Amino acid sequence: MAGMSADTKTEPRWLSAAEQRSWRAFLEGTRLLMHSLERGHQRHGLSATDYEILVQLSESPEHRMRMSQLAVATLLEKSRLSHQITRMERASLIERQPCPDDRRGQFAVLTEHGWATIQRVAVDHVALVRDIFVDRMTPEQFAVLGEAFEQVASGLRRPRPAECAEALGYDKAESCATEDEDCDGE
């Protein structure tokens, strides 16, 4: 930087005691929540990643998504998503279908068994989410938390779609959206 010597260092912005307490509570709470959710999914023979993929596909038109789009939505790298999809295909939860517009592209598609599974598991999932998370706060606290994390997510969701796909191991041509959209399609 112009005007700064190599010896000039800026002091880190350490967290205050209150910020540190909140940050540590967030970290511990997140670990405990994810552990509880994972155990809930395991009761149905699913991992948290299985469940997330089933949710993404169940909420997509025709219950299908391009693999690159699914990778961006789930933040999974290309190789990890491919292995995950293979495991889920073996369980008859999803199937791959070729993309008619792009010989290299593939769709992940929810099977009838996958649809029945997400419908069944979602009932227990939402009950667990209410028990371990939603019902432990007042509606006002829950609303504030939602607003805060919408702001956090928005700030972290800055890369453009092509950059997202590229960072996850996909070509820019396989990007999830148009150049005017963020990685999550907004």
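Predicted model: local features only at pLDDT ≥ 70, side-chain atom pairs only at ≥ 80, totals over all residues.

Residues are numbered from 1 along each chain as its sequence is written, and side-chain values use heavy atoms, with hydrogens and water left out.

**The chain as a whole**

- The protein chain has 7 helices and 3 strands; these are DSSP runs numbered from the N terminus, with helices (H or I) of at least four residues and strands (E) of at least two.
- Starting at the N terminus, the order of elements is α-α-β-α-α-β-β-α-α-α.
- Of the chain's 186 residues, 31% count as buried (buried means under 20% relative accessible area, exposed over 50%, and partly exposed in between, with a 1.4 Å probe and protein chains only).
- The accessible surface is about 12,800 Å², and carbon and sulfur atoms hold 53% of that; the areas come from the Shrake-Rupley method with a 1.4 Å probe, and for residues only the protein chains shown count as cover.
- Among contacts with a separation of 6 or more, 52% join residues 24 or more positions apart (contact means heavy atoms within 4.5 Å).

**Helix 1 and helix 5**

- Helix 1 (residues 17-42) and helix 5 (residues 112-132) have axes that come within 10 Å and cross at roughly 155°; axes are lines fitted to C-alpha atoms, for helices over the stretch in contact, and angles run from 0 to 180 degrees between N-to-C directions.
- The two helices are therefore roughly antiparallel (angles under 35 degrees count as roughly parallel, over 145 as roughly antiparallel, 65 to 115 as roughly perpendicular and the rest as oblique).
- On the helix 1 side, the contact is made by Leu-33, Ser-36, Leu-37, Gly-40 and His-41, and on the helix 5 side by His-125, Leu-128, Val-129 and Ile-132.
- By class, this contact has 5 nonpolar, 4 polar and no charged residues (Ala, Val, Leu, Ile, Met, Phe, Trp, Tyr, Cys and Pro count as nonpolar, Asp, Glu, Lys and Arg as charged, and the others, Gly among them, as polar).

**Helix 2 and helix 4**

- The axes of helix 2 (residues 48-58) and helix 4 (residues 78-90) come within 11 Å and cross at roughly 85°, so this pair is roughly perpendicular.
- Thr-49, Asp-50, Ile-53 and Leu-54 of helix 2 meet Arg-80, Leu-81, Gln-84, Ile-85 and Met-88 of helix 4.
- Sorted by class, that contact has 5 nonpolar, 2 polar and 2 charged residues.
- Helix 2 is mostly covered, with 9 of its 11 residues buried; among them are Tyr-51, Val-55, Gln-56 and Leu-57.

- Ala-108 sits in strand 3 (residues 102-110) and is buried, with a relative accessible area of 0%.
- Ala-108 and Arg-64 are 44 residues apart in sequence, yet their C-alpha atoms are 5.5 Å apart in space.
- Beyond its neighbours within four places in sequence, Ala-108 is in contact with residues including Leu-57, Arg-64, Ile-85 and Glu-95.
- Gly-105 is also in strand 3, and its 2% relative accessibility counts as buried.
- From Gly-105 to Ser-68 is 37 residues in sequence and 8.2 Å in space, C-alpha to C-alpha.
- Leaving aside neighbours within four places in sequence, Gly-105 is in contact with Arg-66, Pro-98 and Cys-99.
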